[in-house]
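This briefing concerns the ligand sites of the structure shown below. Please read it alongside the sequence and the model.

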Amino acid sequence: MSADRINLLRTKVFDKSKWMQLPRDVLIGHDVIEQIPAVCEDLALGDSVLIVSGGRTRDVAGRRVESLLSASYDVRTFIAIDGDPLETIRKAEAAAAEVAFVIGVGGGRVIDTAKIASYNTDRHFISVPTAASHDGIASSRASVPTAEGNVSLAAEPPIAVVADTAVIASAPHRLLASGCADIIANYTAILDWELSHRLRGEPISEYALTLSRMTAEILFDNADLIKPNSEESAWIVTKALVSSGVAMSIAGSSRPASGGEHKFSHALERLAPGKGLHGEKCGIGAIITMYLHGGDWRGIRDSLRKIGAPTTPAEIGVDDETAVEALLAARTIRPERFTILDMGLTRESARNLVRMLYQE
Ligand SMILES: NC(=O)C1=CN([C@@H]2O[C@H](COP(=O)(O)OP(=O)(O)OC[C@H]3O[C@@H](n4cnc5c(N)ncnc54)[C@H](OP(=O)(O)O)[C@@H]3O)[C@@H](O)[C@H]2O)C=CC1
Ligand SMILES: O=C(CO)COP(=O)(O)O
Ligand SMILES: [Zn+2]
């Protein structure tokens with residue numbers, strides 16, 4: 001082989017680079033919230049902190065974190081109220097700019113607000129989930145609802161995750177079941193990714209893909225163990241959510257955990273705001289997209305039922321015609337993300353799918 005050819009190959013192999021940002025400390029377990037001062041001290045992030053939480057989650061755990069840190073830090077608080085998300089993020093950013101680091105204590109909305117505010121102000125961020133309801137706990141992405149549908153934004157990956165299973169197990173079971181559905185939806189997200197790879201040449205990451213699939217499999221296989229108010233269940237689901245977030249961080253995008261079923265969920269959020277939790281809508285969407293992929297859609301549906309997650313639009317207060325609209329509108333959300341819903345779905349076929357799969 002000529003020297004030129006060898007150099008060309010070298011260039012091809014070695015010009016590839018990737019920057020993955022992963023959490024440094026991950027604490028999961030009973031009463032780990034009490035370790036927050038030790039985590040902050042270990043990471044030496046500075047002497048002032050903004051604690052972002054929500055109207056409910058401040059009472060659930062936010063105040064506890066405030067009091068644990070108040071002896072050693074200048075503690076400020078920000079309550080992410082349930083309003084215009086971009087306006088809330090802008091206000092959180094202004095507050096984050098005044099401190100050395102940020103802690104998000106809450107559900108997915110609060111954690112996303114805190115991680116975007118941290119990213120935009122170049123502050124470190126610690127993730128303290130109060131519910132195992134979404135896989136943004138450990139990821140470097142945030143999903144923010146806008147008038148055009150959810151946008152996936154680059155966000156500060158948590159430098160630490162402190163997930164207290166006692167707090168998480170005492171959250172309403174609906175939140176845990178929703179987190180399970182968000183993970184089970186990884187099955188169809190990766191089928192969509194592989195489809196796009198084969199049809200469109202979209203790059204895939206084997207590691208991210210395998211981790212995402214394995215995470216869904218573990219949860220699917222342990223669906224019988226997921227029970228209300230059980231710390232063991234909180235443990236299983238939280239580990240799965242962290243692992244799914246790591247898959248997204250490896251990929252550098254939400255692709256391993258978000259495909260057509262997520263676009264359906266985002267379309268529903270726009271068409272029927274406030275109906276159903278994020279993971280619930282993704283699980284309902286995954287039943288249809290798995291059917292379209294020719295996979296075990298009944299298996300998806302049955303595991304969602306076992307866990308206690310909804311399996312039909314009616315269960316989250318959405319009528320069939322709105323579900324049909326959401327299936328058709330899904331392709332207009334983030335159109336560059338190719339999925340099975342871009343493969344010729346018509347209104348008639350969407351109606352048939354909704355009638356057939358959700359009424360069996
Ligand atoms: N970044 C990412 O990769 C991902 C982001 N997401 C995003 O996350 C959001 C969905 O998260 P989700 O958690 O389902 O919804 P929310 O954050 O909206 O939380 C739902 C409700 O549960 C409450 N809550 C949370 N924890 C407890 C608890 N322990 N006890 C009682 N109530 C509690 C919240 O209270 P409060 O009023 O205090 O907030 C809120 O009222 C969406 O915005 C979605 O786009 C989802 C998946 C991945
Ligand atoms: O919810 C996600 C993964 O579970 C990611 O959200 P997006 O669909 O907005 O990328
Ligand atoms: Zn999701």
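**Ligand sites in a predicted model**

A polar backbone atom of Arg56 lies 2.9 Å from an oxygen atom of ligand 1, a polar contact being a pair of N or O atoms within 3.5 Å. The model is predicted: local features need pLDDT of at least 70, side-chain atom pairs count only at pLDDT 80 or more, and totals for chains, interfaces and linings use all residues. Residues are numbered from 1 along each chain as its sequence is written, chains are lettered from A and ligands numbered from 1 in the order in which they are written, and side-chain values use heavy atoms, with hydrogens and water left out.

**Ligand 1**

- Oxygen atoms of ligand 1 also have polar side-chain atoms of Ser133 at 2.5 Å and of Ser139 at 3.4 Å.
- Of the 930 Å² of accessible area that ligand 1 has on its own, the protein covers 86% (Shrake-Rupley method, 1.4 Å probe).
- There are 27 residues around ligand 1, of which Thr57, Arg109, Thr130, Ser133 and Arg141 come nearest (a heavy atom within 4 Å).
- Helix 5 (108-121) is among the elements that each supply at least two residues of this shell, and its 4 residues are the largest share (helices are DSSP runs of H or I, at least four residues).

**Zinc ion (ligand 3)**

- Asp182 (OD), His262 (NE2) and His278 (NE2) are the protein donors, lying 2.1 Å from the zinc ion (donors are N, O and S atoms within 2.8 Å of the metal, or 3.2 Å for Na, K and Ca).
- The donor spacing along the chain is D-x79-H-x15-H.
- Asp182 in helix 7 and His262 in helix 11 are 80 residues apart, a pair that links distant parts of the chain.
- Asp182 is buried, at 0% relative accessible area (buried means under 20%, 1.4 Å probe, protein chains only).
- His262 is likewise buried, at 4%.

How values were computed: Buried means under 20% relative accessible area, exposed over 50%, partly exposed in between (1.4 Å probe, protein chains only). A polar contact is a pair of N or O atoms within 3.5 Å; within protein, one must be able to donate a hydrogen and the other to accept it, and residues adjacent in sequence count only if both atoms are side-chain atoms.
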